[in-house]
Amino acid sequence: MEVISNNQNPEWDRLIFYHCGRFSRRRRIVTHHHPGCELIYFINGECLNHLEGSLVLPGRPGSILIVPPGMPHSQENLRETETMFVTFSSGLESFEYPPRIIDVEHDALTQRWVNDICAMNENVTPASAEMTKGILYALLSRLIGIAAPPDGSDEIHPVLAKALMYMDNHYDRNINIDEVARQCAVSGGYLCALFRKSLNLSPVQHLTRIRLNAAAQQLRNSYLTVGEIAERCGYGDVNYFIRVFRKHLNCTPSEFRRIERTRQKTGTYTAKFHSPVDEESKAFQKNRE
């Protein structure tokens, strides 16, 4: 049976840098989530990272935590902990999912490139955006290579690969999960179970993510109206599109356009965009406590 390898580079045109920074203290980081994938590099200290689904992953020096887009998570510091973090959208779901730890203790380039991204965005210049994107692309490409096991066992199931490709090619249509399952010659229940096992999310959540990523890209085109973008992304009802966009990105499409113009000038997003905490995250935090 043919399988599809995960060992591939991110797509340059779909790669978007959102935000980065440094963290160093003992206090706990409360539950939050980001619209993009978060990469956390642990420099010193020790912590436990609590993620959705009762998953707990340790943070130790020389390791990187990958947090998928929109996933609520908190950080319980066991002692003084120092980290660097970067949030982004790579357009490569096989890298962004599932949440996991990547060991980079003996890879000097990884720490250097994460540090370079943070340093470059502490003093933003007109060239920062493209330079940041270039370093981020190199960093993600390297991490993909490091994370892929030498025996090639980390491969995408052929049914999942076909479903992902079908969604990528037809997200602009009014498709549903039963249709995707028929295209893959499996039942809807089997497809949902496969998504949960491999990506830790449902097919509907994945399809929504594809559509919102496409919407974010198209909102950079000032000649398209929000209604036109909604239709191009598979949403026949523009008001529903706006509600979904606000729920996942913590801002409306029009606000995103204004935020994106600011980012293009300064190289950073506003706090409202990069660190939303909605009711779902608050409930997740309450259950933790």
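## Chatting through a predicted fold

Reader: Hi! Where does E122 sit?
Author: E122 lies in the loop between helix 2 (108-120) and helix 3 (128-147). Helices here are DSSP runs of H or I with at least four residues, strands are E runs of at least two, and both are numbered from the N terminus.

Reader: Thanks! What should I know about the model itself?
Author: This is a predicted model, in which local features need pLDDT of at least 70 and side-chain atom pairs count only at pLDDT 80 or more, while totals for chains, interfaces and linings use all residues. Residues are numbered from 1 along each chain as its sequence is written, and side-chain values use heavy atoms, with hydrogens and water left out.

Reader: Back to E122, how exposed is it?
Author: E122 is partly exposed, with a relative accessible area of 48%. Buried means under 20% relative accessible area, exposed means over 50%, and partly exposed is in between (1.4 Å probe, protein chains only).

Reader: And how far is E122 from G21?
Author: In sequence they are 101 residues apart, but in space E122 and G21 are 8.2 Å apart, C-alpha to C-alpha.

Reader: Let's zoom out. How many helices and strands does the chain have?
Author: It has 12 helices and 11 strands. Of its 289 residues, 51% count as buried.

Reader: What share of the contacts comes from residues 24 or more positions apart?
Author: They account for 74% of the contacts in the chain with a separation of 6 or more. Contact means heavy atoms within 4.5 Å.

Reader: OK, sheets now. In what order do the four strands of the open sheet come?
Author: The order is 3-8-5-6, with antiparallel pairing. Two strands pair if DSSP finds at least two bridges between them.

Reader: Which strands stand at the edges?
Author: Strand 3 (29-32) and strand 6 (55-59) do; each has a single partner strand, so one side of each is left without a neighbour in the sheet. From one strand to the next, the twist averages 20°.

Reader: What about strand 8, who faces whom there?
Author: Strand 8 (residues 73-77) pairs with strand 3 in the antiparallel sense over two bridges. H73 in strand 8 stands opposite H32, and Q75 is the bridge partner of I29. Strand 5 (residues 47-51) also runs antiparallel to strand 8, joined to it by five bridges, and there S74 is the bridge partner of H50.

Reader: Why is strand 8 called largely enclosed?
Author: Four of its five residues are buried, so strand 8 is largely enclosed by the rest of the structure.

Reader: Switching to helices: at what angle do helix 4 and helix 7 cross?
Author: The axes of helix 4 (residues 158-170) and helix 7 (residues 203-218) cross at roughly 40° and come within 10 Å. Axes are lines fitted to C-alpha atoms, for helices over the stretch in contact, and angles run from 0 to 180 degrees between N-to-C directions. Helix 4 and helix 7 are therefore oblique to each other. For reference, under 35 degrees is roughly parallel, over 145 roughly antiparallel, 65 to 115 roughly perpendicular, and the rest oblique.

Reader: Which residues make the contact between them?
Author: L164, M167 and D168 of helix 4 meet P203, H206, L207 and I210 of helix 7.

Reader: And how does helix 7 pack with helix 9?
Author: Helix 7 and helix 9 (residues 238-249) pack at an angle of about 95°, with their axes 11 Å apart. That makes helix 7 roughly perpendicular to helix 9. T208, L212 and A215 of helix 7 touch F241, V244, F245, H248 and L249 of helix 9.
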